[in-house]
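Please examine the structure shown below. The report that follows describes selected features of a chain and of its contact with a partner.

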Amino acid sequence: MNCHEIQNELLLTVGENQLSDEIKKHLNECSDCKNFWESIDSVTEMMGDDSNFYLSDIETEQIINKVNFRTETPKKNVISIYKILTAAAAVILVLGVTYIAQKAGEFDRFGNIDTTVIHDSSVSQGAKASQIVLEDLFNEGDFDLVNSENIIVGEDMWDYLSDEDLKYLEDNFDIEDLL
Amino acid sequence: MNREGGTDIQELVLKAQKGNKEAFSELMKVFMNNVYSLTYKLTGEKDIAKDMTQDTFVTAWDKIKSYRGEGNFAGWLYKIAANNCFNFLKRDKRKVSLEMINVESMEIHKDRVLQPDKIFENKIRRDFVLAFMQSLPEQQRLAFELRFYKEMSFNEIARILGSALGTVKTNYREAIQKLRQLALEKGWQK
(Lines give C-alpha, C1' and ligand atoms only; values in the text may rest on other atoms or scores of the structure.)
Protein backbone atom coordinates (compact mmCIF):
# COMPACT_ATOMS: atom_id res chain seq x y z
CA MET A 1 0.00 0.00 0.00
CA ASN A 2 1.16 3.53 -0.71
CA CYS A 3 0.84 6.45 1.69
CA HIS A 4 -2.55 7.52 0.33
CA GLU A 5 -3.96 4.04 0.81
CA ILE A 6 -2.43 3.76 4.26
CA GLN A 7 -3.93 7.06 5.35
CA ASN A 8 -7.31 6.06 3.98
CA GLU A 9 -7.05 2.86 5.96
CA LEU A 10 -5.97 4.75 9.07
CA LEU A 11 -9.08 6.90 8.86
CA LEU A 12 -11.16 3.76 8.98
CA THR A 13 -9.26 2.30 11.92
CA VAL A 14 -9.90 5.26 14.18
CA GLY A 15 -11.41 4.01 17.39
CA GLU A 16 -9.82 0.60 17.04
CA ASN A 17 -7.01 -0.43 19.33
CA GLN A 18 -5.18 -2.64 16.91
CA LEU A 19 -3.51 -1.78 13.65
CA SER A 20 -2.59 -4.36 11.09
CA ASP A 21 1.03 -5.48 10.87
CA GLU A 22 1.37 -3.96 7.43
CA ILE A 23 0.22 -0.55 8.67
CA LYS A 24 2.42 -0.73 11.75
CA LYS A 25 5.41 -1.50 9.59
CA HIS A 26 4.58 1.39 7.26
CA LEU A 27 4.20 3.81 10.18
CA ASN A 28 7.62 2.84 11.45
CA GLU A 29 9.12 3.66 8.09
CA CYS A 30 7.08 6.72 7.01
CA SER A 31 7.14 9.86 9.14
CA ASP A 32 4.33 11.55 7.16
CA CYS A 33 1.94 8.73 7.80
CA LYS A 34 3.09 8.48 11.39
CA ASN A 35 2.33 12.19 11.93
CA PHE A 36 -0.98 11.73 10.19
CA TRP A 37 -1.86 8.85 12.49
CA GLU A 38 -0.82 10.73 15.62
CA SER A 39 -2.91 13.73 14.60
CA ILE A 40 -5.97 11.51 14.29
CA ASP A 41 -5.24 9.47 17.33
CA SER A 42 -4.88 12.43 19.65
CA VAL A 43 -7.95 14.21 18.42
CA THR A 44 -10.14 11.16 18.79
CA GLU A 45 -9.16 11.04 22.43
CA MET A 46 -11.10 14.24 22.81
CA MET A 47 -14.26 12.52 21.71
CA GLY A 48 -14.33 10.41 24.84
CA ASP A 49 -16.87 7.63 25.06
CA ASP A 50 -20.60 7.28 25.36
CA SER A 51 -20.57 7.61 29.14
CA ASN A 52 -20.59 11.40 28.81
CA PHE A 53 -24.08 11.06 27.42
CA TYR A 54 -25.67 8.73 29.91
CA LEU A 55 -28.89 9.47 31.73
CA SER A 56 -29.21 9.51 35.48
CA ASP A 57 -31.10 6.64 37.08
CA ILE A 58 -34.04 8.93 37.78
CA GLU A 59 -34.19 10.10 34.17
CA THR A 60 -34.01 6.49 32.98
CA GLU A 61 -36.87 5.53 35.27
CA GLN A 62 -38.94 8.49 34.08
CA ILE A 63 -38.56 7.51 30.45
CA ILE A 64 -39.42 3.88 31.19
CA ASN A 65 -42.55 4.99 33.04
CA LYS A 66 -43.59 7.23 30.17
CA VAL A 67 -43.05 4.46 27.64
CA ASN A 68 -45.03 2.04 29.77
CA PHE A 69 -47.83 4.55 30.11
CA ARG A 70 -47.93 5.21 26.39
CA THR A 71 -47.89 1.53 25.49
CA GLU A 72 -50.51 0.59 28.07
CA THR A 73 -53.00 3.31 27.20
CA PRO A 74 -55.35 2.00 24.53
CA LYS A 75 -54.88 3.95 21.37
CA LYS A 76 -57.77 6.06 20.26
CA ASN A 77 -58.93 4.42 17.09
CA VAL A 78 -58.81 7.58 15.05
CA ILE A 79 -58.35 5.69 11.81
CA SER A 80 -61.49 3.64 12.22
CA ILE A 81 -63.52 6.80 12.82
CA TYR A 82 -62.19 8.19 9.58
CA LYS A 83 -63.05 4.94 7.88
CA ILE A 84 -66.60 5.06 9.19
CA LEU A 85 -67.02 8.66 8.08
CA THR A 86 -65.59 7.85 4.67
CA ALA A 87 -67.87 4.88 4.26
CA ALA A 88 -70.91 6.94 5.31
CA ALA A 89 -69.98 9.69 2.89
CA ALA A 90 -69.56 7.15 0.10
CA VAL A 91 -72.99 5.62 0.77
CA ILE A 92 -74.64 9.06 0.84
CA LEU A 93 -72.89 9.98 -2.39
CA VAL A 94 -73.98 6.81 -4.17
CA LEU A 95 -77.58 7.19 -3.01
CA GLY A 96 -77.59 10.84 -3.99
CA VAL A 97 -76.18 10.21 -7.43
CA THR A 98 -78.64 7.35 -7.98
CA TYR A 99 -81.56 9.53 -6.93
CA ILE A 100 -80.47 12.45 -9.09
CA ALA A 101 -79.82 10.17 -12.06
CA GLN A 102 -83.23 8.60 -11.68
CA LYS A 103 -84.91 11.98 -11.47
CA ALA A 104 -82.91 13.32 -14.38
CA GLY A 105 -83.99 10.34 -16.44
CA GLU A 106 -87.66 10.73 -15.65
CA PHE A 107 -87.94 14.42 -16.48
CA ASP A 108 -86.83 16.42 -19.46
CA ARG A 109 -85.25 19.84 -19.20
CA PHE A 110 -88.66 21.47 -18.96
CA GLY A 111 -89.65 19.33 -16.01
CA ASN A 112 -92.02 17.11 -18.03
CA ILE A 113 -91.91 13.35 -17.76
CA ASP A 114 -89.64 11.86 -20.36
CA THR A 115 -91.27 8.86 -21.96
CA THR A 116 -87.99 7.51 -23.23
CA VAL A 117 -87.24 6.34 -19.75
CA ILE A 118 -90.24 4.04 -19.99
CA HIS A 119 -88.48 1.96 -22.60
CA ASP A 120 -85.35 1.37 -20.56
CA SER A 121 -86.68 1.34 -17.07
CA SER A 122 -85.80 -1.92 -15.48
CA VAL A 123 -86.27 -1.24 -11.81
CA SER A 124 -89.62 -2.23 -10.40
CA GLN A 125 -90.41 1.23 -9.16
CA GLY A 126 -89.59 2.63 -12.57
CA ALA A 127 -91.81 0.02 -14.22
CA LYS A 128 -94.75 0.96 -12.06
CA ALA A 129 -94.19 4.62 -12.78
CA SER A 130 -93.94 3.84 -16.46
CA GLN A 131 -97.21 1.99 -16.41
CA ILE A 132 -98.98 4.90 -14.74
CA VAL A 133 -97.48 7.33 -17.20
CA LEU A 134 -98.59 5.20 -20.12
CA GLU A 135 -102.15 5.01 -18.81
CA ASP A 136 -102.23 8.78 -18.39
CA LEU A 137 -100.95 9.34 -21.87
CA PHE A 138 -103.55 7.01 -23.33
CA ASN A 139 -106.26 8.92 -21.54
CA GLU A 140 -104.96 12.33 -22.61
CA GLY A 141 -104.83 11.28 -26.25
CA ASP A 142 -101.39 12.64 -27.07
CA PHE A 143 -99.49 9.43 -26.77
CA ASP A 144 -96.42 9.27 -28.91
CA LEU A 145 -95.16 5.71 -29.10
CA VAL A 146 -92.68 4.30 -31.57
CA ASN A 147 -93.15 6.37 -34.68
CA SER A 148 -93.75 9.67 -32.91
CA GLU A 149 -97.28 9.87 -34.31
CA ASN A 150 -100.15 11.11 -32.20
CA ILE A 151 -102.80 8.53 -31.59
CA ILE A 152 -106.42 9.38 -30.84
CA VAL A 153 -107.39 7.44 -27.80
CA GLY A 154 -110.82 5.95 -27.97
CA GLU A 155 -112.71 2.82 -28.85
CA ASP A 156 -110.96 2.51 -32.19
CA MET A 157 -107.54 3.42 -31.04
CA TRP A 158 -106.23 -0.03 -31.78
CA ASP A 159 -106.99 0.62 -35.46
CA TYR A 160 -104.36 3.36 -35.44
CA LEU A 161 -101.64 1.19 -34.09
CA SER A 162 -99.31 -0.47 -36.52
CA ASP A 163 -98.18 -4.06 -36.14
CA GLU A 164 -94.89 -2.73 -34.87
CA ASP A 165 -96.67 -0.67 -32.22
CA LEU A 166 -98.74 -3.60 -31.07
CA LYS A 167 -95.74 -5.86 -30.85
CA TYR A 168 -93.91 -3.23 -28.82
CA LEU A 169 -96.83 -2.92 -26.40
CA GLU A 170 -97.18 -6.67 -26.10
CA ASP A 171 -93.49 -7.09 -25.44
CA ASN A 172 -93.21 -4.36 -22.87
CA PHE A 173 -96.53 -4.02 -21.11
CA ASP A 174 -99.39 -6.03 -19.83
CA ILE A 175 -101.99 -4.95 -22.38
CA GLU A 176 -104.96 -6.34 -20.46
CA ASP A 177 -104.00 -4.37 -17.39
CA LEU A 178 -103.67 -1.21 -19.40
CA LEU A 179 -107.15 -1.68 -20.81
CA MET B 1 -22.94 -8.36 33.47
CA ASN B 2 -22.73 -7.58 29.81
CA ARG B 3 -25.98 -8.95 28.53
CA GLU B 4 -25.86 -7.38 25.11
CA GLY B 5 -25.79 -10.04 22.47
CA GLY B 6 -26.09 -12.73 25.10
CA THR B 7 -28.83 -15.22 25.60
CA ASP B 8 -30.45 -13.01 28.23
CA ILE B 9 -31.29 -10.45 25.60
CA GLN B 10 -32.69 -13.09 23.29
CA GLU B 11 -34.87 -14.45 26.05
CA LEU B 12 -36.10 -11.00 26.98
CA VAL B 13 -36.87 -10.24 23.35
CA LEU B 14 -38.79 -13.50 22.97
CA LYS B 15 -40.80 -12.77 26.10
CA ALA B 16 -41.48 -9.22 24.98
CA GLN B 17 -42.64 -10.52 21.61
CA LYS B 18 -45.22 -12.57 23.49
CA GLY B 19 -46.47 -9.41 25.19
CA ASN B 20 -44.45 -9.60 28.40
CA LYS B 21 -44.17 -5.98 29.51
CA GLU B 22 -41.72 -6.69 32.32
CA ALA B 23 -39.30 -8.25 29.86
CA PHE B 24 -39.60 -5.19 27.66
CA SER B 25 -38.92 -2.93 30.64
CA GLU B 26 -35.75 -4.91 31.27
CA LEU B 27 -34.73 -4.40 27.66
CA MET B 28 -35.33 -0.69 28.06
CA LYS B 29 -33.06 -0.60 31.10
CA VAL B 30 -30.30 -2.43 29.23
CA PHE B 31 -30.43 -0.28 26.10
CA MET B 32 -31.65 3.04 27.46
CA ASN B 33 -28.27 4.79 27.58
CA ASN B 34 -27.17 3.37 24.25
CA VAL B 35 -30.27 4.71 22.55
CA TYR B 36 -30.24 7.99 24.44
CA SER B 37 -26.57 8.73 23.67
CA LEU B 38 -27.32 8.14 20.00
CA THR B 39 -30.39 10.37 19.93
CA TYR B 40 -28.54 13.04 21.91
CA LYS B 41 -25.67 13.17 19.44
CA LEU B 42 -27.93 13.03 16.41
CA THR B 43 -30.26 15.81 17.58
CA GLY B 44 -27.85 17.85 19.71
CA GLU B 45 -30.42 18.65 22.40
CA LYS B 46 -31.03 16.82 25.63
CA ASP B 47 -34.80 17.26 25.90
CA ILE B 48 -35.36 16.31 22.28
CA ALA B 49 -33.08 13.33 22.75
CA LYS B 50 -35.21 12.17 25.69
CA ASP B 51 -38.37 12.46 23.60
CA MET B 52 -36.73 10.60 20.73
CA THR B 53 -35.60 7.87 23.12
CA GLN B 54 -39.11 7.55 24.43
CA ASP B 55 -40.54 7.40 20.91
CA THR B 56 -37.94 4.79 19.97
CA PHE B 57 -39.03 2.41 22.71
CA VAL B 58 -42.72 2.99 22.01
CA THR B 59 -42.10 2.14 18.35
CA ALA B 60 -39.98 -0.84 19.38
CA TRP B 61 -42.82 -2.18 21.52
CA ASP B 62 -45.32 -1.72 18.70
CA LYS B 63 -43.08 -3.48 16.20
CA ILE B 64 -41.23 -5.97 18.33
CA LYS B 65 -43.10 -8.88 16.78
CA SER B 66 -41.62 -7.94 13.43
CA TYR B 67 -38.08 -8.28 14.81
CA ARG B 68 -36.84 -11.60 13.45
CA GLY B 69 -33.48 -11.69 15.17
CA GLU B 70 -31.60 -10.42 12.17
CA GLY B 71 -28.44 -8.70 13.46
CA ASN B 72 -28.36 -7.70 17.09
CA PHE B 73 -31.24 -6.15 18.94
CA ALA B 74 -29.25 -2.99 19.66
CA GLY B 75 -28.78 -2.41 15.94
CA TRP B 76 -32.51 -2.79 15.40
CA LEU B 77 -33.15 -0.17 18.09
CA TYR B 78 -30.53 2.17 16.64
CA LYS B 79 -32.24 2.03 13.29
CA ILE B 80 -35.57 3.00 14.81
CA ALA B 81 -33.91 5.74 16.85
CA ALA B 82 -32.04 7.16 13.85
CA ASN B 83 -35.22 7.18 11.76
CA ASN B 84 -37.09 8.99 14.52
CA CYS B 85 -34.32 11.55 14.88
CA PHE B 86 -33.96 12.24 11.18
CA ASN B 87 -37.71 12.53 10.73
CA PHE B 88 -37.76 14.99 13.60
CA LEU B 89 -34.85 16.97 12.17
CA LYS B 90 -36.58 17.15 8.79
CA ARG B 91 -39.65 18.64 10.43
CA ASP B 92 -37.68 20.85 12.78
CA LYS B 93 -35.48 22.40 10.08
CA ARG B 94 -33.12 23.83 12.65
CA LYS B 95 -29.59 23.98 11.43
CA VAL B 96 -27.00 23.91 14.13
CA SER B 97 -23.56 24.78 12.95
CA LEU B 98 -20.31 24.42 14.75
CA GLU B 99 -20.07 28.18 15.04
CA MET B 100 -23.47 28.41 16.68
CA ILE B 101 -22.39 26.12 19.49
CA ASN B 102 -19.90 28.63 20.79
CA VAL B 103 -16.66 27.13 19.67
CA GLU B 104 -14.88 30.13 21.16
CA SER B 105 -15.72 29.00 24.65
CA MET B 106 -14.26 25.64 23.79
CA GLU B 107 -11.04 27.27 22.63
CA ILE B 108 -10.73 28.85 26.04
CA HIS B 109 -11.01 25.41 27.52
CA LYS B 110 -8.88 23.68 24.95
CA ASP B 111 -6.25 22.79 27.49
CA ARG B 112 -8.93 21.25 29.60
CA VAL B 113 -10.27 19.40 26.60
CA LEU B 114 -6.93 17.78 26.14
CA GLN B 115 -6.14 17.38 29.80
CA PRO B 116 -9.51 17.80 31.43
CA ASP B 117 -9.94 17.88 35.14
CA LYS B 118 -12.72 15.93 36.71
CA ILE B 119 -15.06 18.87 37.12
CA PHE B 120 -15.16 20.00 33.52
CA GLU B 121 -14.34 16.78 31.77
CA ASN B 122 -17.82 15.57 31.01
CA LYS B 123 -19.36 18.88 30.10
CA ILE B 124 -16.52 20.09 27.89
CA ARG B 125 -16.24 16.80 26.08
CA ARG B 126 -19.98 16.60 25.64
CA ASP B 127 -20.13 20.12 24.23
CA PHE B 128 -17.26 19.42 21.90
CA VAL B 129 -18.74 16.17 20.65
CA LEU B 130 -22.16 17.74 20.17
CA ALA B 131 -20.67 20.67 18.30
CA PHE B 132 -18.66 18.41 16.08
CA MET B 133 -21.55 16.00 15.43
CA GLN B 134 -23.92 18.80 14.51
CA SER B 135 -21.41 20.04 11.96
CA LEU B 136 -21.63 16.74 10.07
CA PRO B 137 -24.23 15.81 7.47
CA GLU B 138 -26.77 13.34 8.88
CA GLN B 139 -25.40 10.21 7.25
CA GLN B 140 -21.84 10.99 8.32
CA ARG B 141 -23.08 11.74 11.82
CA LEU B 142 -24.80 8.39 12.02
CA ALA B 143 -21.89 6.47 10.54
CA PHE B 144 -19.53 8.12 13.02
CA GLU B 145 -21.84 7.43 15.94
CA LEU B 146 -22.38 3.78 15.11
CA ARG B 147 -18.74 3.09 14.33
CA PHE B 148 -16.87 5.21 16.83
CA TYR B 149 -19.18 5.09 19.84
CA LYS B 150 -21.23 1.96 19.28
CA GLU B 151 -18.25 0.05 17.89
CA MET B 152 -20.30 -1.64 15.22
CA SER B 153 -18.63 -3.15 12.19
CA PHE B 154 -18.97 -1.41 8.86
CA ASN B 155 -20.92 -4.39 7.58
CA GLU B 156 -23.42 -4.13 10.41
CA ILE B 157 -23.80 -0.41 9.89
CA ALA B 158 -24.35 -0.89 6.18
CA ARG B 159 -27.02 -3.49 6.88
CA ILE B 160 -28.78 -1.31 9.46
CA LEU B 161 -28.76 1.76 7.25
CA GLY B 162 -29.51 -0.16 4.09
CA SER B 163 -26.47 1.49 2.51
CA ALA B 164 -23.58 0.13 0.50
CA LEU B 165 -20.51 -0.82 2.50
CA GLY B 166 -18.38 1.61 0.50
CA THR B 167 -20.78 4.45 1.24
CA VAL B 168 -20.61 3.82 4.96
CA LYS B 169 -16.83 3.71 4.89
CA THR B 170 -16.69 6.91 2.89
CA ASN B 171 -19.03 8.66 5.33
CA TYR B 172 -16.95 7.54 8.28
CA ARG B 173 -13.69 8.48 6.62
CA GLU B 174 -14.97 11.96 5.80
CA ALA B 175 -16.22 12.44 9.34
CA ILE B 176 -12.80 11.58 10.75
CA GLN B 177 -11.13 13.87 8.21
CA LYS B 178 -13.35 16.72 9.34
CA LEU B 179 -12.57 16.01 12.94
CA ARG B 180 -8.85 16.07 12.22
CA GLN B 181 -9.17 19.25 10.16
CA LEU B 182 -11.15 20.94 12.92
CA ALA B 183 -8.56 20.04 15.49
CA LEU B 184 -5.78 21.35 13.27
CA GLU B 185 -7.60 24.64 12.64
CA LYS B 186 -8.38 25.20 16.29
CA GLY B 187 -5.04 23.98 17.55
CA TRP B 188 -6.65 21.35 19.75
CA GLN B 189 -4.00 18.77 19.18
CA LYS B 190 -1.37 17.79 21.68
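In this predicted model, B:F144 and B:Y149 are both buried, where buried means under 20% relative accessible area, exposed over 50% and partly exposed in between, with a 1.4 Å probe and protein chains only. A search of the whole structure gives 14 aromatic pairs over all chains. B:F144 and B:Y149 form an edge-to-face pair, with 6.0 Å from centre to centre and 80° between the planes. Rings of Phe, Tyr and Trp (its six-membered ring) pair if their centres lie within 6.5 Å; planes under 30 degrees apart count as stacked, over 60 as edge-to-face and the rest as tilted. Ring pairs also link B:F144 and B:Y149 with B:F132, B:F148, B:F154 and B:Y172 into a cluster.

The model is a prediction in which local features need pLDDT of at least 70 and side-chain atom pairs count only at pLDDT 80 or more, while totals for chains, interfaces and linings use all residues; side-chain values use heavy atoms, without hydrogens and water. Residues are numbered from 1 along each chain as its sequence is written, and chains are lettered from A and ligands numbered from 1 in the order in which they are written.

Chain B has 10 helices and zero strands; helices (H or I, at least four residues) and strands (E, at least two) are DSSP runs, numbered from the N terminus. Of its 190 residues, 49% count as buried.

What does each chain contribute to the contact between chain B and chain A? Chain B gives 48 residues and chain A gives 33 residues, contact being heavy atoms within 4.5 Å. The following table summarises this interface.

| Feature of chain B and chain A | Value |
|---|---|
| Area buried between them | about 3,900 Å² |
| Share of that area on carbon and sulfur atoms | 63% |
| Salt bridges across the interface | six salt bridges |

Buried area is the accessible area (1.4 Å probe) that two parts lose on being put together, summed over both. B:Q54, B:R173 and B:R180 supply 15% of the area that chain B buries against chain A, more than any other three residues.

A salt bridge is a side-chain nitrogen of Lys or Arg within 4 Å of a carboxyl oxygen of Asp or Glu. B:D55 forms one with A:R70, the closest N and O atoms being 2.8 Å apart. On the side of chain B that touches chain A, helix 2 of chain B provides the largest share, 12 residues.
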